[in-house]
Amino acid sequence: MLLQVNGLSKHYGTTTVLTNISMQIQERDRIGLVGVNGAGKSTLLKVIAGEMSHDEGEIFRSKEARIGYLAQNSGLQSDRSIWDEMMSVFAGLLEAERELRELEARMSDPQLAANGKAYEDLLHRYSVKSDLFREQGGFRIESRVRSVLHGMGFGSFDPGTIVHTLSGGQKTRLALARLLLQEPELLMLDEPTNYLDIQTLTWLEDYLRGYAGAVLVVSHDRFFLDAMTTVIYEIERTRCKRYTGNYTRYMELKTAEYEIELKHYEKQQEEIARMEDFVRRNIVRATTTKRAQSRRKALEKMDRLDKPAGELKKASFRFETERQSGKEVLRAYDLAASYDGTRLLFKHASFELRRGDMAALIGPNGIGKSTLLKILTGQKKPMAGTYDWGTNVTIGYYDQEQQGLNPDHTVLEELWNEYPHMEEVRIRTVLGSFLFSGEDVLKKVYSLSGGEKARVSLAKLMLKQANMLILDEPTNHLDLFSKEVLEAALLDYEGTLLFISHDRYFLNKMADRMLEMHAGGIDDYLGNYDDYVEKKRDLAAFEAEKLLEAASGKAAAPKAGAAAAGASRDSGGDQDASAAAKPKDYEAEKQQKREERGRQRKIEQLEAQIGVLEDAIAALEGELLKPEVFNDYVAVQQVNGDLETKKTELERLYAEWGDLSS
């Protein structure tokens, strides 16, 4: 046991944030902490880390356990270079290495060699220190630093770069890299994925899966939680509950648990109603008064179940278009941009969008994805190249930095200033659908959390009724519930979508095209993120085979997978190659991809429903084994009736699943 939390509570004035929280963390645990924005996740981590006090309860820590904590947006502040800052983690080992070098120098002294006893003592000291140095990884210090820096996206950086010259996101990544090198027994990370591109995120997942200590992570990235965690703690309505499994399993268990609790509550309510009716009808009759009084006493002693709370209120909105755009929405050709007019970000960026496309723009951090979106929305001018919007295109832009919000406005004023012709009632109704109700609409924008600002921006975007949405990291500050609502709204959207995201679950669900951006242009892949990964793998295998066969003097024959991958990739830097690589029937293949995505989504939904039903059936079968049930004929009939209904539904779902899977 590394850490145990018992009965912890935390209050801010009269507001309760955490109530009676209990948690256990064992060695090598992989724990995800989830909940809506404002649930108290970050507060709990700060209390555990000792950065914040608590009002009630106890925290027991193992004496040997070191805790490493990375708060949200906590960038590394230092005047040292990247390399020196990382090497400072190993100050003790570096001092031990200096001592070893001194011992080696003394051992080479001829005068000491003549003194047998002193020389032997020195050799023994050197041997002990050398063994300890090796056991603690002293000979691997530099390789460890290089490996972690490369994994965290600093492989191409000059190690002599001064830390304070880095951007905010880079400082946050560097702080995480330093923490990983420290290797604490308990690693606590609060939203570590916010500033990571997909490549870095994938590396971090693999690293944390093999991490020798325990990991407690707050994240709204479902892909990350599924890949890494084995336990989920959910904070909801100030209380905490433990679920075994990853995020997907937690969702299945929570749904099944709610259905069972609701069934028990409804059954008890029916029993209470029957008993109250009996008492009411028989309390005044002499022959039945005693039985009625007995039932009344039973009612008074009954441990009444609370009605299950169910899901928290979610935002509810949809994106509508005022008019339809032309079929050709955007044509970008040979665009180039630089950073501050000095460093070239990208060149030869070319791609096209047609009405109804759902295109994701991906690539490493710093390549210029956000810059490209700002060029397309007229906020920046390109160094070279052109772009043309089609007919009847109206653009709605979502900025990940929320720079379009006036910090001095109230939430109500922010929307009303943008749409002054709307009545206040309509504005308040819209804000209510984004979870701003009552006095919330009078909050100043500067006082809002990142998630609240994101909802304000989405509300403004919804009211614009644009037929072309350009979204820069729309899920960054949203909790898991809000992400699901945004996904549902975008899936029903009838316009065209171009977005940047590193959320692989979101990419899989939303994208039908992946535009991979690099310094030399844009490569176009049909399909979602999983399709893109598969095609990249096929291309890599094909290129490796070509090199191997070229080395042996043979010509490589393209394989089906690699050929398909190559055919679906459109190089933005070469228009002739682009035309040759495109499918002969673009619209047909795009429609086929959409249908396949729809089929896969339906299969996933069915599998989730099947899992919930199987858990509910197992719970009902367990009910039949309870003496209070199998000795009650009426209760047995009710449970058996429920079982038959659920089994019939399960058979139907299995049949539908089989049809879709075949």
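Trainee: Let's start with the second largest pocket: how many nonpolar, polar and charged residues are in its lining?
Mentor: The lining of that pocket has 26 charged, 15 nonpolar and nine polar residues. Keep in mind that this is a predicted model.

Trainee: Okay, and how much space lies in the second largest pocket?
Mentor: About 1900 Å³. Among the 50 residues lining the second largest pocket, T248, M251, E252, T255 and E484 are the closest to its centre.

Trainee: Which element gives the largest share of that lining?
Mentor: That's α10, with twelve residues. Helix α10 spans 247-282, and the other elements that supply at least two residues each include strands β8 (231-236) and β9 (239-244), plus helices α16 (480-491) and α21 (586-624).

Trainee: Nice. Switching topic: at what angle do α13 and α15 pack?
Mentor: Helix α13 (residues 411-418) and helix α15 (residues 450-464) pack at about 25°, and their axes are 10 Å apart. Angles under 35 degrees count as roughly parallel, so α13 and α15 are roughly parallel to each other.

Trainee: Is the crossing left-handed or right-handed?
Mentor: Right-handed, as α13 passes α15.

Trainee: And which residues meet there?
Mentor: From α13 you have V411, E414, L415 and E418, and they meet V456, A459, K460 and L463 in α15. By class, the residues of this contact between α13 and α15 are five nonpolar and three charged, with no polar ones.

Trainee: Great, thanks for walking me through it!

Terms used
Residues numbered from 1 in each chain as written. Predicted model: local features only at pLDDT ≥ 70, side-chain atom pairs only at ≥ 80, totals over all residues. Heavy atoms only, no water. Axes fitted to C-alpha atoms, helices over the stretch in contact; angles between N-to-C directions. Helix = DSSP H or I, 4+ residues; strand = E, 2+ residues; numbered from the N terminus. Parallel < 35°, antiparallel > 145°, perpendicular 65-115°, else oblique. Left-handed = near helix turned anticlockwise from the far one by under 90°. Contact = heavy atoms within 4.5 Å. Nonpolar A, V, L, I, M, F, W, Y, C, P; charged D, E, K, R; others polar. 1 Å grid on protein atoms, 1.4 Å probe; cavity = no way out; pocket = protein on both sides within 12 Å on 5 of 7 lines; lining within 4 Å. Points joined across faces, edges and corners; volume = space filled by probe spheres on them.
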